[in-house]
Amino acid sequence: NTVTRIGRWAFSGCISLEKIEIPNSVTSIEYCAFDNCEYLASIDIPNSVTTIGSGAFSGWHSLESIIIPSSVTQIQGPLISQCNNLRSIEVAQNNKVYDSRDNCNAIIETATNTLISACSYSTIPSSVTTIGYKAFYYCEYLASIDIPNSVTTIGKYAFNGCARLTQITCRANVPPTIGIFAFFCVDKSIPGYVPASSSD
């Protein structure tokens, strides 16, 4: 109960770990702290946590849901890539920095309307303007994606590794700026749909 920080890679690759209890003293969970803890099925993030590093909960094959508490004010990148059974992502309603508007099953930075972390069962709300770096990274069960007209930027590696995508619909009349490898490992023969009025 005196621990305040779970450091970088602290439990990375602990594939036999099935349960963990994080005490209320912890304020920071750092980069890849629980990366590839394959059999951890759940995690309770206490309301003491304010900062979560990129990849902190990546590669959990058993994780089905995650709740980001209201205390979290800094998420330093995509948290939950390669969590293939993850179906529910929720940000506490009274969080002032992040949200999961429209039951989208994703984490959105409220002030910038940037979708920063998602799963195979996420949707992109019509108010989102940016799909962030690695937002859907290796969401292997993502079958189709509907990109609303509001999106102006798709970040680097945003859909990298989404190998089961069978359809992409982009509703923007002005094509979004697309970062390098945004659709890497996506079948180039799948249909992509854009408005007839699209400028490009």
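**Entry 1: what I am looking at**

I am working with a predicted model. I kept that in mind for everything below.

**Entry 2: the largest pocket**

I started with the open space. The largest pocket holds about 340 Å³. I then asked which residues lie closest to its centre. Among its 18 lining residues, these are Ile168, Cys170, Ile178, Phe183 and Val194. Two elements give two or more residues to this lining: strand E13, residues 167-170, and strand E15, residues 192-193.

Next I looked up the make-up of the lining by class. I found 13 nonpolar, 2 polar and 3 charged residues around the largest pocket.

**Entry 3: the second largest pocket**

I moved on to the second largest pocket, whose volume is about 200 Å³. It is lined by 13 residues, and Cys32, Gly55, Ser58, Ser81 and Lys134 are the closest to its centre. By class, I noted 6 nonpolar, 5 polar and 2 charged residues in this lining.

I placed Gly55 in the loop between E3 and strand E4 (65-68). Is Gly55 buried or exposed? Its relative accessible area is 6%, so Gly55 counts as buried.

Asn36 sits in the loop between E2 and E3. With a relative accessible area of 32%, Asn36 is partly exposed.

I went back to the loop between E3 and E4 for Phe57, which is found there. The relative accessible area of Phe57 is 0%, so I have it down as buried. Phe57 and Ser12 are 45 residues apart in sequence, with 9.3 Å between their C-alpha atoms.

**Entry 4: salt bridges**

How many salt bridges are there? The count comes to 3. A reminder to myself: side chains of opposite charge can pair when their charged atoms come close. I took the pairs one at a time.

Arg5 forms a salt bridge with Glu30, and their closest N and O atoms are 3.3 Å apart. Arg5 belongs to strand E1 (residues 5-6), while Glu30 is in the loop between strand E2 (28-29) and strand E3 (51-52), so this pair ties together parts that are 25 residues apart in sequence. I then compared the two partners for exposure. Arg5 is exposed, at a relative accessible area of 51%. Glu30, at 19%, counts as buried, because the cut-off is under 20%.

For the next pair, the side chains of Arg101 and Asp99 meet with 2.8 Å from N to O. Arg101 is buried, its relative accessible area being 17%. Asp99 counts as buried too, with 15% relative accessibility.

The remaining pair I looked up is Arg171 with Asp146, whose side chains meet in a salt bridge at 2.8 Å, N to O. Arg171 lies in the loop between E13 and strand E14 (177-178) and Asp146 in strand E11 (residues 144-147), so the parts tied together here are 25 residues apart in sequence. I found Arg171 partly exposed, at 45% relative accessibility. Asp146 is partly exposed as well, with a relative accessible area of 35%.

**Entry 5: a nonpolar patch on the surface**

I finished on the outside. Which residues form the nonpolar patch on the surface? They are Ile180, Phe181 and Phe184, which together have about 280 Å² of accessible area.

Phe181 lies in the loop between E14 and E15. Phe181 also has a positive phi of about 60 degrees although it is not a glycine. Its relative accessibility is 38%, so Phe181 counts as partly exposed.

Phe184 is likewise found in the loop between E14 and E15. At a relative accessible area of 41%, Phe184 is partly exposed.

Note on methods. Residues numbered from 1 in each chain as written. Predicted model: local features only at pLDDT ≥ 70, side-chain atom pairs only at ≥ 80, totals over all residues. Heavy atoms only, no water. 1 Å grid on protein atoms, 1.4 Å probe; cavity = no way out; pocket = protein on both sides within 12 Å on 5 of 7 lines; lining within 4 Å. Points joined across faces, edges and corners; volume = space filled by probe spheres on them. Helix = DSSP H or I, 4+ residues; strand = E, 2+ residues; numbered from the N terminus. Nonpolar A, V, L, I, M, F, W, Y, C, P; charged D, E, K, R; others polar. Salt bridge = Lys/Arg side-chain N within 4 Å of Asp/Glu carboxyl O. Buried < 20%, exposed > 50% of the residue type's maximum accessible area, 1.4 Å probe, protein only. Patch = residues over 30% accessible without salt bridge, like charges linked within 9 Å, V, L, I, M, F, W, Y side chains within 5 Å. Areas by Shrake-Rupley, 256 points an atom, 1.4 Å probe, with all protein chains shown as cover.
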